[in-house]
Amino acid sequence: NDIARCREELTDSYFWFPALNDARQAACINLIFNLGATRLRGFVKSLDAMANEKFDLAADEFMNSKWANQVGNRAIEVTDMIRTGQWKE
């Protein structure tokens with residue numbers, strides 16, 4: 001249920017979300033689940049880069065945040081999925 005709710009929130013909020021591949025969608029679902037919709041909206045530069053398919057920039061912007069310092073390796077895994085469009089092994 002949480003995944004379905006997160007997917008719906010992302011689809012309703014970000015026109016570009018449905019066009020992402022599965023790995024990038026999963027990374028976004030992870031982000032909104034852990035941060036919440038309000039805190040995710042605070043990542044303006046990251047989300048703008050995602051909208052413009054500048055995935056390296058989006059990943060860099062997410063990594064350049066307090067969130068990345070707080071969650072450590074999870075931030076690396078999530079941003080690698082955004083950057084590459086591939087699932088982490």
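**Helix questions on a predicted model**

User: Is valine 71 buried, partly exposed or exposed?
Analyst: Valine 71 has a relative accessible area of 24%. Buried means under 20% relative accessible area and exposed over 50%, with partly exposed in between (1.4 Å probe, protein chains only). So valine 71 comes out as partly exposed.

User: What kind of model is this?
Analyst: Residues are numbered from 1 along each chain as its sequence is written, and side-chain values use heavy atoms, leaving out hydrogens and water. Local features need pLDDT of at least 70, side-chain atom pairs count only at pLDDT 80 or more, and totals for chains, interfaces and linings use all residues, as this is a predicted model.

User: Is glutamine 25 buried or exposed?
Analyst: Glutamine 25 sits in helix α2 (residues 22–35); helices here are DSSP runs (H or I, at least four residues), numbered from the N terminus. Its relative accessibility is 9%, so glutamine 25 counts as buried.

User: Which residues does glutamine 25 touch, not counting those up to four places away in sequence?
Analyst: Contact means heavy atoms within 4.5 Å. Leaving out residues up to four places away in sequence, glutamine 25 touches Arg7, Phe17, Pro18 and Leu20.

User: How are α4 and α5 oriented to each other?
Analyst: The axes of helix α4 (residues 44–51) and helix α5 (residues 55–63) come within 8 Å and cross at roughly 165°. Angles over 145 degrees count as roughly antiparallel, on a scale from 0 to 180 degrees between N-to-C directions. Therefore α4 and α5 are roughly antiparallel.

Definitions and conventions: Helices (H or I, at least four residues) and strands (E, at least two) are DSSP runs, numbered from the N terminus. Angles under 35 degrees count as roughly parallel, over 145 as roughly antiparallel, 65 to 115 as roughly perpendicular and the rest as oblique.
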